Amino acid sequence: MHAPEQIRTRANRAADQGTTVAAMIGFVSPRTGAPLWPDGDALVSAAGERVPIVRGIPRFVPSDDYAEAFGLQWKLHARTQLDSHTGAPLSARRLERCAGLPLERLAGLRVLEPGCGAGRFTELLVSAGALVHAIDLSAAVDANQRNIGDRANYTVAQADLRAAPFPAEAFDAVVCLGVLQHTPSPEQSIAALWRLLAPGGLLVIDHYTWTLSRLTKLGPLYRMILKRLPPARARRITDALTDVFFPLHWAVRRVRPLQMLLSRVSPCLAYCHEPVPLTREQHEDWCRLDTYDELTDQYKGLRTVGQIRRTLAALGATEIHAVRRRNLVEATCRKPAGVPCVA
């Protein structure tokens, strides 16, 4: 089936579902705000704008930009973090904890998921019955589409969250986890997401924060080198590091002093000492993914709980809830009626 036919089929099937269709949000031009519709192998506007559709996915950005490494990451680890693949509800627990509500409460709501990656949270949102609009700056959208499939309550596009192809105040909830610290300006990114949130809507975010371990481990030194390399070459190096260090992490997983000592010299992120229901092979797969992610990202912002609270308060948010959980700040807030959009 050709790409435009895929989009039309999804729209037609959704149209048979009444209220679901009306709630799904159409794409608009990030530049002019003009509505877009399928025409051959592209989305077009009345102003003559044209957005290519490649493999059934609208591409609002021409390349992976600073997220090229993430595109490779999710190509190689398309299913690593999916609860449906691991058999463990790790992503579901994190998503519900960060959102502060059970997933079924999102059923029927228009949800934007910026930085969707391969779909660890997308599959949960879609399965919960939310009307999910997923975007990612990188080619991870291809893995996301393969994992989710053709669902009436799901659409995906390759786009920049700072210029998302949707109308202002269009979403009942915006869920952005594991993303903001990797953007050039987290504050500008939060403001861009705030603009898309409808009055009364829920914003769910997290962000890396400062930890003592960032000053006492060698990982940052590795990253200074690896983030400057082409992603494929950096991946070969992180794989080699994992081959060396993961067996050591596994061997001392029940010996706390040795774990702490090893973590100071090993650049690998391994969590095999934690009580999570994963096999050794699954732990190693996560280690390869997280090590590559940690050592190759172009941006790694750090913010305190207070900084996140102040950023949200400056936008006019209410019901702000921000807490520190290990190396993350997890935050939610609401957009009250009468708060103007941030340009």
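The dialogue below concerns aromatic rings and their partners.

Modeller: This is a predicted model, in which local features need pLDDT of at least 70 and side-chain atom pairs count only at pLDDT 80 or more, while totals for chains, interfaces and linings use all residues. Residues are numbered from 1 along each chain as its sequence is written, and side-chain values use heavy atoms, without hydrogens and water.

Biologist: How is a pair of aromatic rings described?

Modeller: The distance of the centres and the angle of the planes describe such a pair. Rings of Phe, Tyr and Trp (its six-membered ring) pair if their centres lie within 6.5 Å; planes under 30 degrees apart count as stacked, over 60 as edge-to-face and the rest as tilted. A search of the whole structure finds five aromatic pairs. In one of them, the centres of Phe27 and Phe60 are 5.5 Å apart and the planes meet at 50°, so this pair is tilted.

Biologist: Are Phe27 and Phe60 buried or exposed?

Modeller: Buried means under 20% relative accessible area, exposed over 50%, and partly exposed in between (1.4 Å probe, protein chains only). Both Phe27 and Phe60 are buried. Phe27 also pairs with Phe166: the centres are 5.4 Å apart and the planes at 35°, so that pair is tilted. Phe166 has a relative accessible area of 2% and is therefore buried.

Biologist: Which residues do ring pairs link into a cluster?

Modeller: The cluster consists of Phe27, Phe60, Phe166 and Phe171.
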